[in-house]
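Hi,

Here is the structure I promised to pass on. Have a look at it first, and then read my notes below.

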Amino acid sequence: MKEPDISSNFLESQAQDDEIPASSSEANPMSQISHLLPEISDFSRLEKLTNEGTTCIAYKWEWRSRVYFVKRLKPEFLHSPRHRNAFEKEFELGSRLSHPSLPRYIDFRQTENECYIVMEYIDGKTLKELWHQPITADRQSTYRIMNQLIDVLEYLHRNNIMHYDLLPQNVMLTTGLNNVVLIDLDKAFNSGYVDNCGDPSRFCPELLDEASSDVDFRGISIILSKGLWGCMEYDELKHFNDLCNKPHVTAEELREALAHKYDDVYIDENKCIRGRTCEVLEGEWQLYPVMIKRLIPDLQNNQFYLEKIKEEFDKMHYCEDPTFAYYHLIRTTPEKCFIVIDRPDGISISGMMAQQNPWIYDNENIKFLIGRLLSSFFYLWEEGWDAMNFEIEDIFINPETGEIKIANFREVLDMTVSDTEERWTESEIKTVSASGKVLHVRKCPIPDGNVPLTFPQLSRIIRQMDQGGVDLLYWLSDFQRACVQGATYRDLSDLLKTASPY
């Protein structure tokens, strides 16, 4: 079978018929992998899992060194329009979500005799499986689990989605880091669409009449009562349970109830890399490793940079492109200001070149990398974050999984450019200061009078990699030049699809 073209399929879904998608956040970028997956014709070759549902069979599928979770509709429900529609709706809903505590929906396939969903495989165990083990009997772990549950539920509710089935068997902890992942969205619904609401006996009748976030927050109380309560003092447990069952309680109220108990950030001052405006340190928050981005001491009381770093957090905390490292929280005190960010699981591009890692010298990998960066940089432009600046030190790759993460730890990121309404002619060269660096950008007129500043940054990343020993310009030179000469997203997509090192 012919090897699929990763980047061309990835980019083709992003730009069709010369139309730019209305919002790149409308689809989870992970779902673009669906173009690469073959149809499953023989389920007997997949590993059947024990967590079988009423209507579905679960499988573990290994394909090309990657592992996927497959959720297959049982044969007795294949000819039920109601169950097929619910399956399709679950995928439509899940593929638009992007949060560290939600599995990524990748593909949906159905024929007359088959219907299944392909999802990200979560390596871990459910809370039900972990009852009475140290992780669920530890006080600090309990606070971390509850905080992460509150965070992911708030994200769902902000997108007008209720989970409605928050049970210990639907909450997983990942192996190693013990991060919370909320699974089983088949009972979730959008406003105006109510189907199955889990077990009605667990909720008071008035909550089932309409989409209410109260149901999900009461689910946290149920999880506590079923297994996590043993590590909490009685008064503390009662107070938090009462809040969970309070009508119209907010995620912020629940967080505040836990904040004074568990919100400490440990910072390792011995591991510090200093940039022009920020320094990056390693640390721990809620018992898993994070990176700390902190203003350098000279700027801790500088109001301009304090406002800039708060603006950066506000934007990136709600960023819906999973390629960017997740911003957890910001702390501002008279003494210091810092952001807690996910620690990327991988090696920076500069680190891979220094180590001569084979991944970075594979041209198909490079094409996939550039395609992903192009998509993510276009997302930044759509969101109005045109001046964000990234270098090869800010792009992290896990060579085993191919996962790509972007995180600038060393500088305060400028989010907007003041003269975005200005129309630049083909001959003009504009100097723009972004994150303390000077960009010389040649811009050409296009229909809306603007070209994303993020595209010239992609050109610079290609040149940095080429100068570092990864020979790119001999087959990406046309694409690299187009990045600084006013090419549209569609133009660049087409150039990348046709670019070939052979």
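**Around strand 15**

L329 stands opposite V340 in strand 15. Bear in mind that this is a predicted model, so everything here is computed from it.

I'd start with that strand. Strand 14 and strand 15 run antiparallel and are joined by five bridges. Strand 13 (residues 288–295) also pairs with strand 15 in the antiparallel sense, again over five bridges. On that side, V340 is the bridge partner of I292.

How many of the six residues of strand 15 are buried? Six of the six, for residues 337–342, so the strand is largely enclosed by the rest of the structure.

Strand 16 and strand 17 are joined by two bridges and run antiparallel. In that pairing, S348 has F396 in strand 17 as its bridge partner.

Which element gives the most to the lining? Helix 2 does, with five residues. The elements that each supply at least two lining residues include helix 2 (81–94), strand 2 (56–63) and strand 3 (66–73). Strand 5 (114–120), strand 6 (124–126) and helix 3 (127–130) each supply at least two residues as well.

**Aromatic rings**

The count of aromatic pairs comes to 12. One of them is F91 with F108, which is stacked, at 6.0 Å centre to centre and 25° between the planes. This pair links distant parts of the chain: F91 belongs to helix 2 and F108 to strand 4 (residues 105–111), 17 residues apart. F91 and F108 are both buried.

Then there's F324 with F390. Their ring centres are 6.0 Å apart and their planes are at 40°, so this pair counts as tilted. F324 is in the loop between helix 9 (303–317) and strand 14 (327–332), while F390 is in the loop between helix 11 (363–382) and strand 17 (395–397), so the pair ties together parts that are 66 residues apart in sequence. Both F324 and F390 are buried.

There is also a cluster: ring pairs link F43, Y59 and Y116.

- H248 has phi near 60°. H248 lies in the loop between helix 7 (234–244) and helix 8 (251–259). Its relative accessibility is 65%, so with the cut-off for exposed at over 50%, H248 counts as exposed.
- Q356 has phi of about 55°. Q356 sits in the loop between helix 10 (349–355) and helix 11. With 61% relative accessibility, Q356 counts as exposed.

Last one: where does K271 lie? K271 is in strand 11 (residues 265–274). The C-alpha atoms of K271 and L281 are separated by 5.6 Å, and the two residues are 10 apart along the chain. Is K271 buried, exposed or partly exposed? K271 is partly exposed, since its relative accessible area is 44%, between the 20% and 50% cut-offs.

That's the lot from me.

Cheers

Key
Residues numbered from 1 in each chain as written. Predicted model: local features only at pLDDT ≥ 70, side-chain atom pairs only at ≥ 80, totals over all residues. Heavy atoms only, no water. Helix = DSSP H or I, 4+ residues; strand = E, 2+ residues; numbered from the N terminus. Phe/Tyr/Trp six-rings, centres within 6.5 Å; stacked < 30°, edge-to-face > 60°. Buried < 20%, exposed > 50% of the residue type's maximum accessible area, 1.4 Å probe, protein only. Pairing = 2+ DSSP bridges.
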